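Thanks, everyone, for making the time. I would like to go through one model this morning, starting from a single position and then stepping back to the whole chain.

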Amino acid sequence: MRNVQRMFSFLVETEGQTVNKKFDLDKNVKIVHGIMLSSNRKSLLFHRGSQRVEISGEEIIPENFESCLFMTGISVAPNQKYKTLGEDEDGKQHDQGVLAGNGEVKIQYKDTPSPDADFAPYQVNIYLQCEMK
């Protein structure tokens, strides 16, 4: 098994926009271990963004989950930047990841007005840490 990172991007072009996107993982991806978000305008993502994420029909991030919770700074080591995915039966976080299943990744991203960040069009980048077969 080997780990690879996959990136998917989309544009937020209007204030208050909800963007629904579907992406397909490579058919050889077995498990998704982590997620991270970034943007060409990090302050807009931080102050305005929230999302819902599904992998293979399973909700892994609930609706309205704030984007700032998936962002990291330059002081974080590269191998520690991803938010770990997966829970055991008791709801405790573990690093086993989530099964990629059919490889379909759905994102519902919402831009919400904020007094801390005036709107301008921006790009959202979603990075997934994946394990290949």
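When I speak of a contact here, I mean heavy atoms within 4.5 Å. In that sense, and leaving aside residues up to four places away in sequence, serine 39 touches Leu45, Tyr122, Gln123 and Asn125. Please keep in mind that this is a predicted model, and that every value I quote is computed from it.

Where does serine 39 lie? It belongs to strand 3, which covers residues 29–39. Is serine 39 buried or exposed? Its relative accessible area is 3%, and since buried means under 20%, serine 39 counts as buried. Its side chain also takes part in a polar contact of 3.5 Å with the side chain of asparagine 40.

Turning to the protein as a whole, we have one helix and nine strands, and reading from the N terminus the order is β-β-β-α-β-β-β-β-β-β. Of the contacts between residues at least 6 apart in sequence, 75% join residues at least 24 apart. Buried residues account for 41% of the 133 residues.

As for overall dimensions, the C-alpha trace spans about 45 × 30 × 30 Å along its principal axes. The radius of gyration is 15 Å, which agrees with the value near 14 Å that a compact globule of 133 residues would have.

Finally, the surface: the accessible area comes to about 7700 Å², with 44% of it belonging to carbon and sulfur atoms.

Methods: Residues numbered from 1 in each chain as written. Predicted model: local features only at pLDDT ≥ 70, side-chain atom pairs only at ≥ 80, totals over all residues. Heavy atoms only, no water. Helix = DSSP H or I, 4+ residues; strand = E, 2+ residues; numbered from the N terminus. Buried < 20%, exposed > 50% of the residue type's maximum accessible area, 1.4 Å probe, protein only. Polar contact = N/O pair within 3.5 Å; in protein donor to acceptor, adjacent residues only side chain to side chain. Rg over C-alpha atoms; globule rule 2.2 N^0.38 Å. Areas by Shrake-Rupley, 256 points an atom, 1.4 Å probe, with all protein chains shown as cover.
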